[in-house]
Amino acid sequence: MENFEQKIERLKEYLSGGPKKIAVLSHTNPDGDAIGSSLAWAKVLRSLGHDVACMVPNRYPSFLAWMPGIGNVIIAKENNDRALEVIDDADLIFCLDFNSIDRLENLRQHIVGNERAERILIDHHLDPPVNEYALAFSDPQSCSTSYLVYKITERFVGLDVFDKDAAVALYVGIMTDTGNFSFSFLTADLFRAVAGLVDKGINIPEINSNVYNAYNEGRVRLLGYVLMDKMKIIENGRAAYIGLQEHELRRFDFQIGDSEGFVNYPLSIGSVQMSAMFLETHKFIRISLRSRGAVDVSLFAARYFGGGGHKNAAGGKSFESMHKTIEKFKAAVAEYFSEEKI
Ligand code: 5GP
Ligand code: MN
């Protein structure tokens with residue numbers, strides 16, 4: 001197995017021999033880590049003289065819209081021609097914050113179709129399909145892809161390439177993926193890296209406020225409705241779920257990203273170890289799963305809903321009705337908890 005240093009050497013080789021056209025791609029429903037890691041990595045590549053475009057399949061949530069440089073991120077769904085052109089022209093494609101290119105949905109075909117461009121992965125999800133990539137920086141022990149970008153950059157070109165904007169991007173990724181420094185992988189090294197970002201001049205209270213106190217009225221009222229009426233507790237208090245249908249979302253003038261974080265609330269109940277949210281879209285039901293401790297929702301998502309993710313944060317999709325999906329979930333939870341003997 002290739003070690004980190006050897007991978008850095010290969011990365012240098014891929015980026016040598018003059019300026020390249022590079023596409024930096026991240027996942028559908030981009031979150032703070034997807035955008036933060038992409039913007040910071042683009043900065044590193046540009047500092048080496050490369051021509052870089054960042055791209056995501058669909059729009060990021062509005063609470064990220066203030067991020068420096070986000071206006072240049074290509075949103076494939078809204079600018080399909082430009083997106084395909086960038087992918088077709090790319091000499092090199094970086095895939096950030098997702099493991100399988102299947103997660104890029106309809107862009108997948110084009111990416112695989114560009115046989116000239118090598119693909120390089122930078123990601124912290126479990127079980128990356130490494131054969132999809134020429135080089136894979138995969139570290140499921142990293143709290144975020146943004147922190148992985150920081151570590152790679154440190155060894156690759158040094159941290160001087162990061163200016164304040166890049167530091168802001170990295171901090172947003174780290175802050176959001178760690179649930180504001182409350183989930184796992186909070187190492188001393190991570191806090192030293194954050195100290196380095198503070199040295200670059202980032203304003204933490206301002207970033208915090210930009211991300212967490214920038215909701216629209218509809219979202220806050222929808223949260224009230226969810227907690228009051230929609231959160232159901234099952235399995236003797238050990239599991240909870242929330243199902244939201246399109247007609248309910250319309251009532252609260254739902255915008256993409258408004259339900260971000262809702263799935264975490266049931267876990268603030270002492271007994272709850274697994275939480276699920278089912279969000280209806282016009283094509284399918286998006287499933288978000290969260291857990292604590294030994295309860296592994298990545299396994300659960302893969303086994304029952306063809307999804308995946310991390311041990312304590314995973315997701316998937318259902319193409320059945322809300323009712324059937326929830327019935328399936330309840331049966332799955334009963335089976336899972338009986339087997340795990342938790
Ligand atoms: P979220 O609930 O925030 O949408 O997703 C939580 C985690 O689960 C993310 O890290 C994401 O990568 C993973 N995830 C969400 N949906 C899917 C899916 O459909 N397939 C896989 N493999 N992972 C998913
Ligand atoms: Mn991430």
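Mentor: Let us begin with E85, which is placed in helix α3, made of residues 80–89. Please keep in mind throughout that this is a predicted model.

Trainee: Is E85 buried, exposed or partly exposed?

Mentor: A residue is called buried under 20% relative accessible area and exposed over 50%, with partly exposed in between. E85 has a relative accessibility of 43%, so it counts as partly exposed.

Trainee: Which residues gather with E85 in a patch of negative charge?

Mentor: The patch lies on the surface and brings together D81, E85, D88 and D89. Helix α3 also holds R82. R82 is partly exposed, because its relative accessible area is 37%.

Trainee: How should I read a metal site? Which residues coordinate the manganese ion (ligand 2)?

Mentor: One looks for donor atoms, which here must be N, O or S atoms within 2.8 Å of the metal. The manganese ion (ligand 2) is coordinated by OD atoms of D33, D97 and D177 and by NE2 of H124, at 2.2 to 2.4 Å. Along the chain, the donors follow the spacing D-x63-D-x26-H-x52-D.

Trainee: Why does the pair D33 and D97 tie together parts that are 64 residues apart in sequence?

Mentor: D33 lies in helix α2 (residues 32–47), whereas D97 lies in the loop between β4 (92–96) and α4 (108–113), so the pair joins those parts.

Trainee: Are D33 and D97 buried or exposed?

Mentor: D33 counts as buried, because its relative accessibility is 0%. D97 is likewise buried, with a relative accessible area of 1%. Water is not among the atoms, so a metal site may look incomplete.

Trainee: What is the general idea of a salt bridge?

Mentor: Side chains of opposite charge can pair when their charged atoms come close. The cut-off is 4 Å, between a side-chain nitrogen of Lys or Arg and a carboxyl oxygen of Asp or Glu. By this rule the model has 15 salt bridges.

Trainee: Which residue meets K43 in a salt bridge, and where do the two lie?

Mentor: The partner of K43 is D163, at 2.7 Å from N to O. K43 is in helix α2 and D163 is in the loop between α5 (145–156) and α6 (164–177), so that distant parts of the chain, 120 residues apart, are linked. K43 is partly exposed, at a relative accessible area of 28%, and D163 is partly exposed at 30%.

Trainee: What is the partner of R59 in a salt bridge?

Mentor: R59 pairs with E78, and their closest N and O atoms are 2.9 Å apart. Because R59 lies in the loop between β2 (51–56) and β3 (74–75) and E78 in the loop between β3 and α3, the pair ties together parts that are 19 residues apart in sequence. R59 is partly exposed, with 37% relative accessibility, and E78 is partly exposed, with a relative accessible area of 49%.

Trainee: Which residue forms a salt bridge with D91?

Mentor: The side chain of D91 meets that of R116, at 2.8 Å from N to O. D91 lies in the loop between α3 and β4, and R116 in the loop between α4 and β5 (118–123), so this pair ties together parts 25 residues apart in sequence. Salt bridges may also share partners: R303, E335 and E339 are joined in this way into one network.

Trainee: Finally, let us turn to the backbone. What is the phi of N29?

Mentor: Phi of N29 is near 50°, a positive value in a residue other than glycine. N29 lies in the loop between β1 (21–26) and α2, and it is partly exposed, with a relative accessible area of 27%. E235 also is not a glycine and has a positive phi, of about 55°. The place of E235 is the loop between β7 (231–234) and β8 (239–244). E235 counts as partly exposed, at 24% relative accessibility.

Notes
Residues are numbered from 1 along each chain as its sequence is written. Chains are lettered from A and ligands numbered from 1 in the order in which they are written. This is a predicted model: local features need pLDDT of at least 70, side-chain atom pairs count only at pLDDT 80 or more; totals for chains, interfaces and linings use all residues. Side-chain values use heavy atoms; hydrogens and water are left out. Donors are N, O and S atoms within 2.8 Å of the metal (3.2 Å for Na, K and Ca); water is not among the atoms, so sites may look incomplete. Helices (H or I, at least four residues) and strands (E, at least two) are DSSP runs, numbered from the N terminus. Buried means under 20% relative accessible area, exposed over 50%, partly exposed in between (1.4 Å probe, protein chains only). Patches are made of residues with over 30% relative accessible area and no salt bridge: like charges are joined within 9 Å, nonpolar side chains (Val, Leu, Ile, Met, Phe, Trp, Tyr) within 5 Å. Accessible areas come from the Shrake-Rupley method with a 1.4 Å probe; for residues, only the protein chains shown count as cover. Lys and Arg count as positive and Asp and Glu as negative; His and the chain ends are not counted. The place of a charge is taken as NZ of Lys, CZ of Arg, CG of Asp or CD of Glu.
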